[in-house]
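Morning, everyone. I have one structure to walk through today, with an eye on side-chain contacts. Let me put it on the screen.

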Amino acid sequence: MKDFLSEVTLAKTAKTPMITISTPQGKQIEIVLASELCQPVDMGAHVQAYCHLHGSDHQRSLSIKKMTGWGHCFNTACQATVLVAEWNRPVAQRLLHVYYQGLTSAALPSYQAPHLPSRPRPYVVQPLLLPLPKTIPAWQKQELHILCALDGQMRWALAHSQRAQLYLRERGIPLNSALEAGVRYMPSALLDRPEMRKEREVLRRWVDRLLFPLNSPFGRGYIGRSLWPWQPGMDETIHKALLERPGSPKRWIKTNPAGWFGVECEQLPDTIFLVEGAFDRLTLVAAGLPAPEIVALAGTAMQVEWLPVQVKTVVLALDGDDGGKEASSRLADQLAQAGLCVQVCQFGEDTLGKDWNELWQHLGQQSLAPVFEALSETLSA
Ligand SMILES: [Zn+2]
């Protein structure tokens with residue numbers, strides 16, 4: 001495929017001004033170029049423009065978030081969802097990629113009246129799940145903003161908290177590799193400081209949690225794992241059961257946006273290993289796998305369009321339980337459909353654990369043999 005921006009430009013000049021992509025939910029997305037925006041005005045985080053899709057010239061009803069490239073027309077008759085290609089290359093590129101595949105491989109429905117002169121063929125797109133940015137409530141914006149501002153202090157807290165370090169140690173994760181991966185800790189002492197009165201209100205639910213940084217095309221975020229009421233020596237299944245009792249804090253909470261625990265989407269290398277949990281990623285990194293290659297979904301669905309085009313191979317190393325196996329075969333189909341090379345890492349029939357971290361705690365390095373096998377296969381391929 002040629003440079004995708006020239007593809008967009010080409011498609012747009014070929015008598016059809018629109019590139020419309022449909023999601024399985026029936027949502028339509030218009031891929032637009034920045035040059036198409038009508039008299040755009042910079043509003044800070046947003047750009048506002050007259051909507052060239054429905055042709056308004058009275059109100060700048062089209063509002064686009066500069067950071068994500070996603071926009072919406074507020075005209076009630078239009079309501080278009082747009083993506084400015086240049087402002088979100090990974091997502092636009094991925095959508096375009098799938099769109100061109102659809103053009104060549106899918107049978108085209110003939111819903112044009114036969115007497116009409118031949119118009120450009122309708123765009124047919126393979127099914128894909130596209131996350132549409134929703135408006136983020138003010139409290140969640142504030143929450144994320146404060147967490148980001150406290151990142152350095154939460155790093156310090158992890159580097160100095162015996163409790164958090166003991167927890168990591170019992171899960172087999174060395175402190176240094178956790179710190180390097182961006183893991184943080186929110187002790188109650190941090191929020192109890194007098195100058196933290198305002199932050200305390202907003203961040204109460206993050207107290208006594210390990211925080212993992214998340215990445216998505218919509219920005220950064222965090223997922224937090226509660227350590228309440230963990231004590232040294234407490235078995236993980238018991239801790240989990242305690243957290244599941246009514247009235248307990250949630251085991252995991254996330255910011256909005258959330259995302260994957262891994263390097264920034266655009267920085268992903270050509271081969272990636274997909275694991276389910278944040279601790280699985282830390283486990284593989286602790287065992288010596290290259291950190292940039294390991295992506296933990298961390299409760300956020302796989303979205304093929306988040307993967308930049310340089311990603312060619314995905315190794316699925318999901319949990320060994322029924323849920324993990326089911327997800328693995330579903331994802332293998334979805335990724336293969338998007339043109340990616342898929343490898344499934346066979347999780348042994350071990351009874352000692354259902355995920356990599358559990359196995360690692362019981363068996364050490366040998367538990368990860370399947371992952372290292374998959375790694376050497378991708379290297380020799
Ligand atoms: Zn419009």
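I will take the salt bridges, then the aromatic rings, then the charges over rings.

Some ground rules. This is a predicted model, where local features need pLDDT of at least 70, side-chain atom pairs count only at pLDDT 80 or more, and totals for chains, interfaces and linings use all residues. Residues are numbered from 1 along each chain as its sequence is written, and side-chain values use heavy atoms, with hydrogens and water left out.

Salt bridges, then. The term here means a side-chain nitrogen of Lys or Arg within 4 Å of a carboxyl oxygen of Asp or Glu. How many salt bridges does that rule give? The count is 11.

Start with Glu236 and Arg171. Their side chains form a salt bridge, 3.5 Å from N to O. Glu236 is in helix H9, residues 236-244, while Arg171 is in the loop between helix H5 (162-170) and helix H6 (175-180), so this pair ties together parts 65 residues apart in sequence. Helices, by the way, are DSSP runs of H or I with at least four residues, strands are runs of E with at least two, and both are numbered from the N terminus.

Are these two buried or exposed? Glu236 counts as buried, at 18% relative accessibility. Arg171 is buried as well, at 9%. The cut-offs: buried is under 20% relative accessible area, exposed is over 50%, and partly exposed is in between, with a 1.4 Å probe and protein chains only. Arg171, Arg225 and Glu236 are linked in a network of salt bridges.

Next, Asp319 and Lys354. This salt bridge has its closest N and O atoms 3.3 Å apart. The pair links distant parts of the chain, 35 residues apart. Asp319 sits in the loop between strand S14 (313-316) and helix H11 (322-337). Lys354 sits in the loop between strand S15 (341-344) and helix H12 (356-363). Asp319 is buried at 8%, whereas Lys354 is partly exposed at 28%.

One more. Arg193 and Glu195 meet in a salt bridge at 3.9 Å, N to O. Here Arg193 is partly exposed, at 34%, and Glu195 is exposed, at 52%.

Now the rings. Rings of Phe, Tyr and Trp (its six-membered ring) pair if their centres lie within 6.5 Å; planes under 30 degrees apart are stacked, over 60 edge-to-face, and the rest tilted. The structure holds 8 aromatic pairs. Take Tyr167 and Trp230: the ring centres are 5.1 Å apart and the planes are at 85 degrees, so the pair is edge-to-face. Tyr167 is in helix H5 and Trp230 is in the loop between strand S10 (219-226) and H9, so parts 63 residues apart in sequence are tied together. Tyr167 is buried at 1%, and Trp230 is buried at 1%.

Phe212 and Phe261 also pair edge-to-face, at 5.5 Å centre to centre and 65 degrees between the planes. Both are buried. Which residues do the ring pairs link into a cluster? Tyr167, Phe212, Trp230, Trp252, Phe261 and Phe279.

Last, charges over rings. That needs NZ of Lys or CZ of Arg within 6 Å of the ring centre and within 35 degrees of the ring normal. Arg171 returns here: it lies over the face of Phe279, 3.8 Å from the ring centre. Arg281 has its charged end over the ring of Phe261, 4.7 Å from the centre.
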